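Here are a few notes to read alongside the model, written for someone meeting it for the first time. Keep the view open as you go through the points.

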Amino acid sequence: MSERSPSLLVALLRHRLAWPLITLALLLIVNTVFNSSFLHIEWRDGHLYGSLIDILNRAAPLVLVSLGMTLVIATRGIDISVGAMVAIAAAVAAWLIGGSVSGTESRFPLPVAILGAIGVALLCGLWNGVLVAKVGMQPIIATLILMVAGRGIAQLITDGQIITIYYTPYFFMGGGYLAGLPFSLFVVAVVFAVLYLAITRTALGLFIQAVGINPTAARVAGVQAGRLIVAAYVFCGVCAGIAGLLISSNVKSADGNNAGQLLELDAILAVTLGGTALTGGRFSLVGSVIGALIIQTLTYAIYSLGVPPEINLVVKAVVVFIVMLLQSPEFRAQVGALARRPGAGALQ
Amino acid sequence: MDASTAHAPAAAPVLQLSGIHKQFAGIPVLRDVQLNLYPGEIHALMGQNGAGKSTLIKVLTGVLEASGGQMRLGGQAVWPDSPLAAQRLGISTVYQEVNLCPNLSVAENIFAGRYPRCGIAQGFRIDWATLHQRARDLVARIGLQIDVTRLLSDYPVAVQQLVAIARALSIESRVLILDEPTSSLDDDEVQKLFEVLRRLRSEGLSIVFVTHFLNQVYAVSDRITVLRNGSWVGEWLAKDLGPQALIAAMLGRDLVAASEQPAPAPAVDSRQATLLQTEGLGQDTQLQPLDLQIRAGEVVGLAGLLGSGRTELARLLFGLEQPDRGALRIDGQVVKFANPMDAIRQGLALCPEERKTDGIVAELSVRENIALALQARMGVGKFLSRAEQTALAERYVKLLGIKTETVDKPIGLLSGGNQQKAILARWMAIEPRLLILDEPTRGIDVAAKQEIMDQILRLAQGGMAVLFISSEMSEVVRVAHRIVVLRDRHKVGELPAGSSEDAVYDLIAAEHV
Amino acid sequence: MSQTTHPPASTLADGNPTAAVRHDKSLLHHLQHNLREYGMLITLVAIMGFFQYMTEGTLMQPLNLTNLVLQNSYIVIMALGMLLVIVAGHIDLSVGSVCGFIGALAAVLMVEYNWHFVPATLVCLLCGGLIGAIQGSFVAFSRIPSFIVTLAGMLVFKGLALALLAGQSVGPFPSAFQMLSSGFIPDLFSVEGLRLTSLLLGAAVAAALAVGGLRQRANRLRHGVQTEPAGLFVARTVVFGGLLVYFSYLLASYKGLPNVLIVMALLIVLFDFVTSRTTIGRRIYAMGGNEKAAKLSGIKTERLTLYAFINMGVLAALAGLVFAARLNTATPKAGLGFELDVIAACFIGGASASGGVGKVMGAVIGAFVMGVMNNGMSILGIGIDYQQVIKGVVLLAAVLVDVYNKNKA
């Protein structure tokens, strides 16, 4: 029997990225409604300038962390310590640069500071990965340990203070511009490209999905799940480290207590908004990028509405929650059941 | 074969399904199916994969809703809309993967959710004394002697299944459905289960018994209903339907031609190099020290009852478990496999027993599943492109007759037999020197079994060594050059090609003191 | 003969219950099988001994002990709720923030609006229940993983607490309310330097526990159920009872048993009863062990999850009130890091991350371990950053033990 081929619209809507893109578009529209100059971009001071550029710049750290989180979630894991890792990385970089106010002096050369920060974050990721893959802890518990202990570690590195960074070359990462666009975008682009190539041009994508969907079967088939899982957490750590550099470079300081606050929740939400299931398996890098942009645009919308900062947390959590609910099949079923007329039974 | 007593349906049926229709997205899966179950009988439901057995059971137990038809329980029209509703109506199911709570005691599992109460207004307080006593009575009723206060997880699957049956009794079921209950039981345990079923039958309980084992059908059933391709073929008294007729009904054609055994392959030239050798290989209580030799191109059958250690040996050989005694040699060199990849690199392959948990990656496509082991061996760097994967998959789809519209279909949507073929394809794709097959034909229809067995013979003739583990002794004796017999986790002996099934059973039985 | 790993091939013909009892009488075997439970008690004693030594005797001073109880009561109270949540297979990361939020709410009601403390307390507890209901319904009905829901909750209530207090600390509370945290039970017989009532109460409780244990043991023996060797039973009862009496004596030497300790004791008895003897309690264990099987038993798993979270919310609210009453102010920083203490307490006490396993007494012992650590580290003057790190290490150790146990079986 022949079926009418589904209309193009229906086919488009079924695409995995459809809902994330629609959500992002809606948010952009909302922003434009409240702020008529929202979409306005101009060239100023030798670079592009505008709200959209601002959003892209601020979203960069979140995009990075979301990319790392995507891999971890795909292996059926979770990493709630990314905020702590961001704080640690920032603290390490700040310490390596030193607090000299001259602006041209740095205790260690800039490359050393950058590599040092990323290296420490890598070790944190390795720690998480080993606990999950080799020791066999549940990811939520394993990363909970670093989440709490990590802030303490960051505070210890900064001696409980907020270290201000005066070294001007450091600011380029988070606040500089290259070819008119924020430098952070290029950082994100490079990381994304590396990851994308790794996923599609090597067996990494296949293996991670296999491990996430059925770890036992993957093991019997010869896939070294342990190494993959550790690699996913390490990569997440590296992403968090780079994000830490971008953040501290942007605000010109390292705050052990507050750097990266909320980041874990934002990242998890970005990944789920982008279509990757929390149960692991199939994942979408592009989806996570869109999800991160959604979160950032939402934050921007909240700010431009003039909502006081305390309520900001609440509003954001609530709005994202609504979107997640809409995506949850159980919720949709319940709402559908309410909407359906009673008596429309299936049997005669 | 133990002929069951003739059951003249004088009484009214306890359960009557008629005209059952079911479609999935316009494709009919059940067409006008019927089932008549009388009080005090054991009724086997038979059919090859794709016949609609499991769909019918799901309709019966409220998991699925039928698109049409009628169901009458004790004369009343009923329609369970959930497993809980079916249970309340008196239809209980015991699944192959026992669905109980391992963290609770046996007694608590039996009465979960229906605790006998005491205290104020018979309210919240559990009467543990009564609960334990009633549990003991129930368990004794089915002839089981266990401590009902111990955790369920302390007991093996066979006992857990009987606990599930005890639970069904405690809710006064009228119909008991056993869904492939014997797949993980050894012969002793199967006999025990049948004793219990016969006892329950004599008490008037009606039992629906779904199984693939022909012996068991005749050992214990009164009547047989056969389904084929979603349609009802017929309902017979077990004594009136011989095995040939049963197979013919299930397949719709005569299998006589297929059951003709090809002449057993001549014994492999003993001057052929020894590919694999174990010297006293063992793993604490899992496997006693065992010596084994496999030569290139040899098909070695590994025979034994369930629980005799065959799968344990396979897992040791493949690096899924580590031995704590003895040595393993490949081509004469001692090797240690820390994980399956080590074994794969030495040319070994293992097609596992449990395809759902150890075999298929359900959401990935057929092509990705088939390419997985080959890709794992090639490493992360060298990647088989999508075109290469497709070509590989299509080659095996054709070779093994895997029924799927496209290789991009998620493997989870294929039927069990086709999934098994795809997993076999995965291991054939790495062109191993030794292929270990653990129950490759379990849960598969007769025709597919045939195809797989033929493929195994072809592989062996092409020079691949095969270690063939199967509970169906007829298969083992048919294809093996040599049969290694295990019992109770150790090797009891070896038999040459052409040995009869009886010879194997005798060898096993000889150990029975 | 190994215990649970490879059960005998056939227990059908010869699974003799008396054989099992006979076997377990072996002391070593019994210890091995129940190592976890004895291990916890030993850990508590060991940690107390360690800090007693390190603080040169300050830990067990009656004054300090009283402070220990008062300062860490929130952990015990919330551990009772968290245990049920973990047994049900979930987790609640928001308890610290809810604690702080309710404390803030109480302050606003009682200090700024001058409510009487009774209706204010009731409203706060109700509010806690409501919060638990909201979070619980997302977990139970919309099937969103609990750690996401409660992670969001953690942030929402942190923000709300800040907003409610407008960034300030609010206090002081009416004195009647303060009695909750800083009051002591009245002393009926006055003896010099010793609150005899408290001591007698403690002794009475110890005796009751011993008698109860004895009766339970006799009952099990009568039914042929496996039970611990007599020597071990006596030793355990004596040690536990002795500790209880000693503890009461120490407290009695200062101001007697604090009110909050009575509240805690009542809650412990209640929850122990619920988890071991009531239908609703055992249903939660069934659900945690195998949700599908529980559903098939007619257990309404969604509702149970909801109840577990409501319960958690109420207890978190109670802990928030106790904490605020103790400090006599509500601060925006209240509740920071509480969830780690509580979760760690449950894991130290033997709860399993996968659900279905965990005892109330274990969680209580775990909570006391955390409390002793908090107190001991404060006395030693260890900075809060180091404390965070050390707590992380302790949680790590507790979970490692859980994983080790699971892998062994």
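1. A word on burial to begin with: a residue is buried if 20 or more other C-beta atoms lie within 10 Å of its own, exposed if 12 or fewer, and partly exposed in between, with C-beta atoms placed from the backbone. By that rule, 47% of the 409 residues in chain C are buried.

2. Some housekeeping. This is a predicted model, in which local features need pLDDT of at least 70 and side-chain atom pairs count only at pLDDT 80 or more, while totals for chains, interfaces and linings use all residues. Residues are numbered from 1 along each chain as its sequence is written, and chains are lettered from A and ligands numbered from 1 in the order in which they are written.

3. Chain C has 17 helices and 2 strands (DSSP runs numbered from the N terminus: helices are H or I, at least four residues, and strands are E, at least two). Two residues are in contact if their C-beta atoms, placed from the backbone, lie within 7 Å. Among the contacts in chain C with a separation of 6 or more, 81% are between residues 24 or more positions apart.

4. Now look at helix H11 of chain A, residues 225-251. Because 22 of its 27 residues are buried, H11(A) is largely enclosed by the rest of the structure. After H11(A) comes A:Lys252, with a positive phi near 60°.

5. Where do chains A and C meet? Here 31 residues of chain A are in contact with 32 residues of chain C. On the chain A side, H6(A) gives the largest share, 10 residues. That side has 21 nonpolar, 7 polar and 3 charged residues (Ala, Val, Leu, Ile, Met, Phe, Trp, Tyr, Cys and Pro count as nonpolar, Asp, Glu, Lys and Arg as charged, and the others, Gly among them, as polar).

6. Finally, the largest nonpolar core has 393 residues; such a core is a set of buried Ala, Val, Leu, Ile, Met, Phe, Trp, Tyr and Cys residues joined through C-beta atoms within 7 Å. Helix H14 of chain C, residues 301-327, supplies the largest share, 18 residues. C:Ala79 is among the residues with the most contacts inside the core. Leaving aside neighbours within four places in sequence, C:Ala79 has contacts including C:Val342, C:Cys346 and C:Gly366.
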